[in-house]
Amino acid sequence: MTRTESHDRKQALDEFIKAMPKVELHLHIEGTLEPESAFRFAQRNGVSLDFENVEALRRAYDFENLQSFLDLYNATMSVLCTEEDFFDLTWDYLARVAEQNVVHTEIFFDPQGHTRRGIPFATVVAGISRALEAGRQHFGISSRLILCFWRHLSEEDAFATWAQAQPHLDHITAVGLDSSEVGHPPEKFQRVYAAARAAGLKAVAHAGEEGGPDYIRGTLDTLQVDRIDHGIRCFEDSALVHRLIDEQTPLTLCPLSNLRLGVSKNLVSYNLARMLALGLNVCINSDDPAYFGGYITENLLAVRVAQDLVAAQVLTLGRNAIDASFLGAEDKAALHRRLEAVAVEHGFGPSG
Ligand code: ADE
Ligand code: ZN
């Protein structure tokens, strides 16, 4: 292939990345709070932010590590007060990713970040679920909602949140675990996860983002999750890598997040191509896109460039996300057909 042909091929692949129907599985709805919206909500609720204006807040999005991000993330979500705020936040996210051809999304929310400020659990779920239903009707985006427990809080706190969730379980598909990882191992949440699974919920958890391989192993063994969120530090333990391959545990990777939080030095040394070559079940997501400089398409484009991915690898990422979702078999099959059709349209079909 000449240099020009190779350049054209990369451009065509980027066009395909933009057009492909996408499934997002790792997205904190509070992490979609753009600075402009934060000020809009603050003003209408009479809440003050520690920043003079939008630019000053955006300048603060320069993080040293996970904790420095969480400190700002937890403080900024205090502008979210009413059902309308949660509706608008979720609607704005859906409108944005509809333009990126997201067709299915499974979103986290952090109820403890709101109930601790006196916002009822019901208010949060009502606003988010109403927007998800409106997004289904208006944009054709299907969705699931995942209740995340904050791992820096106690087991008792998690159980109190689980009790508050009971009248709303028809809106909630799974439980998750997020916030500061190191020092807050998964074992602390074994019993609340058992209760959630016994109630028929699915389970996911952040692991191996800030914490090492032990956190991933502990999560698999004690929480019996359907997916691991991040899992990027699995490479520090080759036996664990083999287990993840054997069990085909989905890992929901978030490259721009890992870059911005210093989990990865850069995206060239990011292990994505290696993970794909080994047969790990990985997919690409945006985590907290308002804070990390990109939604799902920007994440895919960034790894395409840094890892010099080819179409077959991009397609694998798309297929993995569909299969790792909590959709039923028929919906998954329909999404696979849509993905393959767009690939053919872009010259990346079976013979492309
Ligand atoms: N909450 C929001 N984003 C998070 C992340 N990347 N890790 C842990 N907790 C989070
Ligand atoms: Zn996350």
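Okay, quick definition to start: when I say buried, I mean under 20% relative accessible area, with exposed being over 50% and partly exposed in between, using a 1.4 Å probe and protein chains only. By that cut-off C148 is buried, because its relative accessible area is 1%.

Housekeeping: this is a predicted model, where local features need pLDDT of at least 70, side-chain atom pairs count only at pLDDT 80 or more, and totals for chains, interfaces and linings use all residues. Residues are numbered from 1 along each chain as its sequence is written, chains are lettered from A and ligands numbered from 1 in the order written, and side-chain values use heavy atoms, leaving out hydrogens and water.

On to the metal. H26, H28 and H206, each through NE2, plus D287 through OD, coordinate the zinc ion (ligand 2) at 2.0 to 2.1 Å. Donors here are N, O and S atoms within 2.8 Å of the metal (3.2 Å for Na, K and Ca); water isn't among the atoms, so sites may look incomplete. Along the chain, the donor spacing reads H-x1-H-x177-H-x80-D. H28 and D287 are 259 residues apart, so to speak linking distant parts of the chain. Both H28 and D287 are buried.

Definitions and conventions: Helix = DSSP H or I, 4+ residues; strand = E, 2+ residues; numbered from the N terminus.
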